[in-house]
Amino acid sequence: MSYKPKEVTIAGQKFSIVYKQMKEYGEFDADANKICISNKIKGEVLLDTLVHEAFHAMLDISGLGYILEDVQPELEEALVRAYDHILTPLVKELYKDFYKK
């Protein structure tokens with residue numbers, strides 16, 4: 001299976017997904033409504049990276065990103081990584097169990 005979406009809609013806003021050579025796995029660009037993804041990753045790592053960047057987009061759209069940035073610049077990334085490591089695995093497992101039935 002080749003999973004490589006070209007765009008994603010988050011809270012009614014479309015974001016293009018650009019695959020390119022980059023050091024990081026992904027990067028969210030709020031000004032350009034764009035998510036950049038490393039062209040070296042694929043499969044579940046790609047999915048996890050898109051979820052990670054979509055969480056950044058959600059924080060930006062909601063305005064929470066601005067509050068987090070004002071409190072402490074690293075707080076947003078810490079919150080997103082907590083979601084990555086705690087909730088994302090649970091959600092994936094629940095979806096897997098749900099669709100088995």
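Visitor: Why is Asp97 called partly exposed?
Guide: Asp97 has a relative accessible area of 33%. Buried means under 20%, exposed means over 50%, and partly exposed lies in between, with a 1.4 Å probe and protein chains only. The 33% of Asp97 is therefore in the middle class.

Visitor: And what kind of model are we looking at?
Guide: This is a predicted model, where local features need pLDDT of at least 70 and side-chain atom pairs count only at pLDDT 80 or more, while totals for chains, interfaces and linings use all residues. Residues are numbered from 1 along each chain as its sequence is written, and side-chain values use heavy atoms, with hydrogens and water left out.

Visitor: What makes Lys100 and Asp97 a salt bridge?
Guide: A salt bridge is a side-chain nitrogen of Lys or Arg within 4 Å of a carboxyl oxygen of Asp or Glu. The closest N and O atoms of Lys100 and Asp97 are 4.0 Å apart, so the pair meets that limit. Both residues lie in helix 3, three residues apart, about one turn of the helix. Lys100, at 64% relative accessibility, counts as exposed.

Visitor: Which residues do salt bridges with shared partners join into one network?
Guide: Glu44, Asp48 and Lys92 are joined that way. The structure holds six salt bridges.

Visitor: How do you know that Lys92 and Asp48 form a salt bridge?
Guide: Their closest N and O atoms are 2.7 Å apart, so they fall within the 4 Å limit. The pair links distant parts of the chain, 44 residues apart: Lys92 sits in helix 3 (residues 75–100) and Asp48 in helix 1 (residues 43–62). Helices here are DSSP runs of H or I with at least four residues, strands are E runs of at least two, and both are numbered from the N terminus. Lys92 has 24% relative accessible area and Asp48 has 28%, so both count as partly exposed.

Visitor: What do the buried residues of helix 1 pack against?
Guide: Among the buried ones are Leu46, Phe55 and Leu59. The buried residues of helix 1 pack against strands 1 to 4, helix 2 (64–71) and helix 3, where contact means heavy atoms within 4.5 Å. Just after helix 1, Gly63 takes a positive phi of about 90 degrees.
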